[in-house]
Amino acid sequence: MGFRLPGIFTAKQGAEARNVPKGYLAVYVGEAQKQRFVVPISYLKNPSFQKLLSQAEEEFGFDHPMGGITIPCTEEAFIDAITSSLNSS
């Protein structure tokens, strides 16, 4: 079963994967296998997203060698945090 979140999408493979549209940022989510998501910068104001960013800062500091922010949680937890905050607004 699949569903689409407004404003969030997984990045394509290959050369296109390095391009991030204006107004978006790349985040890597997952424990062993990292999945790259491109999210709107408006999510930076979201309390649930800010909590995930704080966890990323605690674990990785400000060094993110993959080129995007690495968030130390499962993909399911990331999607749940984003969707729960979208549903409450």
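Analyst: Here is a short tour, from the overall layout to single residues.

Analyst: Please keep in mind that this is a predicted model, in which local features need pLDDT of at least 70 and side-chain atom pairs count only at pLDDT 80 or more, while totals for chains, interfaces and linings use all residues. Residues are numbered from 1 along each chain as its sequence is written, and side-chain values use heavy atoms, with hydrogens and water left out.

User: Ok, how many helices and strands does the protein have?

Analyst: There are two helices and four strands, and from the N terminus they follow the order β-β-β-α-β-α. Both kinds of element are DSSP runs numbered from the N terminus, helices being H or I with at least four residues and strands E with at least two.

User: What share of the residues is buried?

Analyst: Buried residues account for 34% of the 89 residues, where buried means under 20% relative accessible area, exposed means over 50%, and partly exposed is in between (1.4 Å probe, protein chains only).

User: Let's look at helix 1, then: which of its residues are buried?

Analyst: F49, L52 and A56 are buried in helix 1. They cover an arc of only 60 degrees around the axis, so they sit on the same side of helix 1; the arc is taken from the directions that run from the helix axis to the C-beta atoms. On the other side of helix 1, P47, K51 and E58 are exposed.

User: And what span should helix 1 have?

Analyst: Helix 1 covers residues 47–60, and its 14 residues should span 20 Å at 1.5 Å a residue, which agrees with the 20 Å between its end C-alpha atoms. The expected span is 1.5 Å times one less than the number of residues.

User: What happens just after helix 1?

Analyst: There G61 takes a positive phi of about 70 degrees.

User: New topic: how many aromatic pairs are there?

Analyst: The count is three aromatic pairs, using the rule that rings of Phe, Tyr and Trp (its six-membered ring) pair if their centres lie within 6.5 Å, with planes under 30 degrees apart counted as stacked, over 60 as edge-to-face and the rest as tilted. The rings of F37 and F78 have centres 5.1 Å apart and planes at 40 degrees, so this pair is tilted. It links distant parts of the chain, since F37 is in strand 3 (residues 35–40) and F78 is in helix 2 (residues 75–88), 41 residues apart.

User: Are F37 and F78 buried or exposed, and which residues do ring pairs link into a cluster?

Analyst: Both F37 and F78 are buried, and ring pairs link F37, Y43, F49 and F78 into a cluster.

User: What about I71, where is it and what is it in contact with?

Analyst: I71 is in strand 4 (residues 69–71), and it counts as buried because its relative accessibility is 0%. Leaving aside neighbours within four places in sequence, I71 is in contact with several residues, including V27, F49, L52, A56 and F78, where contact means heavy atoms within 4.5 Å.

User: Last one: which side chain does R36 make a polar contact with?

Analyst: The side chain of R36, a residue in strand 3, makes a polar contact with the side chain of Y28 at 3.1 Å. A polar contact is a pair of N or O atoms within 3.5 Å; within protein, one must be able to donate a hydrogen and the other to accept it, and residues adjacent in sequence count only if both atoms are side-chain atoms. R36 counts as buried because its relative accessibility is 11%.
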